[in-house]
Amino acid sequence: MPGPQTQWVQAWEPGPVLDTLRRFIDTSRRATPALARRAGLTHTELTVLEHVMDEPVGPSELAQRLGVTSAAASGIVDRLVARGHARREPHPTDRRRTAVTATDSGREELLGHLMPMFVGLAQVDATLSDAEREIVLRFLTEAERAVGRLL
C-alpha cells in the first residue's frame, strides 16, 4: 500500500500552470549541459564561469559552491584560464588571496550562446501589461520559495 506522500501526489492534479512550471524547470535543468557542450566546456567549467561573471570569487569559495576540493576547483580554474575565459587576480579586499574573474572574451562567448534566450525572454516580457507582470512576478517569487525549500 502506498504511503501518504505517494497517495497525495497520485491524487494531485497540478493543472496547466504548475504543469508548465514543471516543464520549465526541467527545460532549465537540461539547458545548462547543452550550453556547456555548445561552448566546449564541461558542466562544472560553465558553472564556475557563471559564478565569476557575477563577481570575483576566490578558488576556495568556488570549491565550497561546487562541493569539490580546493585542488579540484583550482584545476577547473586552470582550464578556464588556459582557454582565455578567466584570469586570476589579486583579491579586491585581501591582497594575500586571489580572485577569479571572467575575461571579456569568456564573458562575450558565454553571452553569445545565451542571447537567443535573453531576446526571447525580453520579447515575452514586453507583451505583458504592468498588472500581468505583477501577477507573474508574485507567482514566480512564491514558486522559487517553494522550490528553495529543497535546498
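Asp130 forms a salt bridge with Arg133, with the closest N and O atoms 3.2 Å apart. By salt bridge I mean a side-chain nitrogen of Lys or Arg within 4 Å of a carboxyl oxygen of Asp or Glu. This is a predicted model, where local features need pLDDT of at least 70, side-chain atom pairs count only at pLDDT 80 or more, and totals for chains, interfaces and linings use all residues. Residues are numbered from 1 along each chain as its sequence is written, and side-chain values use heavy atoms, with hydrogens and water left out.

Back to the pair. Asp130 and Arg133 are three residues apart in helix α7, so about one helical turn separates them. Helices here are DSSP runs of H or I, at least four residues, and strands are runs of E, at least two, numbered from the N terminus. Asp130 is exposed, at 64% relative accessible area. Arg133 is partly exposed, at 27%. The cut-offs: buried is under 20%, exposed is over 50%, partly exposed is in between, with a 1.4 Å probe and protein chains only.

Salt bridges with shared partners also join Asp19, Arg22 and Arg23 into one network. The whole structure has 12 salt bridges.

Next, helix α2. Asp26 and Arg30 meet there through their side chains, 3.2 Å from N to O. They are four residues apart in α2, so again about one helical turn. Asp26 is partly exposed at 25%. Arg30 is partly exposed at 47%.

Now a pair from two helices. Glu45 and Arg79 form a salt bridge at 2.6 Å, N to O. Glu45 sits in α3 (residues 43-54) and Arg79 in α5 (residues 70-82), so the pair ties together parts 34 residues apart in sequence. Is Glu45 buried or exposed? Buried, at 6% relative accessibility. Arg79 is partly exposed, at 39%.

On to the loop between β1 (86-90) and β2 (98-102), where we find His91. His91 is buried, at 12% relative accessibility. A polar atom of its side chain lies 3.1 Å from the backbone nitrogen of Thr93. Leaving out residues up to four places away in sequence, His91 touches Arg97, Thr98 and Ala99. Contact means heavy atoms within 4.5 Å.

Pro92 is in the loop between β1 and β2 too. Pro92 is exposed, at 53%. With the sequence limit of four places again applied, Pro92 touches Pro56 and Ala99.

Last, the pockets. A pocket is an open set of points on a 1 Å grid over the protein atoms alone, where a 1.4 Å probe fits, with protein on both sides within 12 Å along at least five of seven lines; lining residues have an atom within 4 Å of a point.

The largest pocket holds about 490 Å³ of space. Its lining has 14 residues, and Phe24, Leu121, Val124, Val136 and Leu140 lie nearest the centre. Helices α2 (15-39), α6 (104-126) and α7 (130-148) each give two or more residues to that lining. Which gives the most to the lining? α7, with six residues.

The second largest pocket holds about 380 Å³. It too is lined by 14 residues, the closest to its centre being Ser28, Ala31, Thr32, Leu114 and Met117. Here α2 supplies the largest share, eight residues. α2 and α6 each supply at least two.

Notes
Grid points are joined across faces, edges and corners, and a volume is the space filled by probe spheres set on the points. A polar contact is a pair of N or O atoms within 3.5 Å; within protein, one must be able to donate a hydrogen and the other to accept it, and residues adjacent in sequence count only if both atoms are side-chain atoms.
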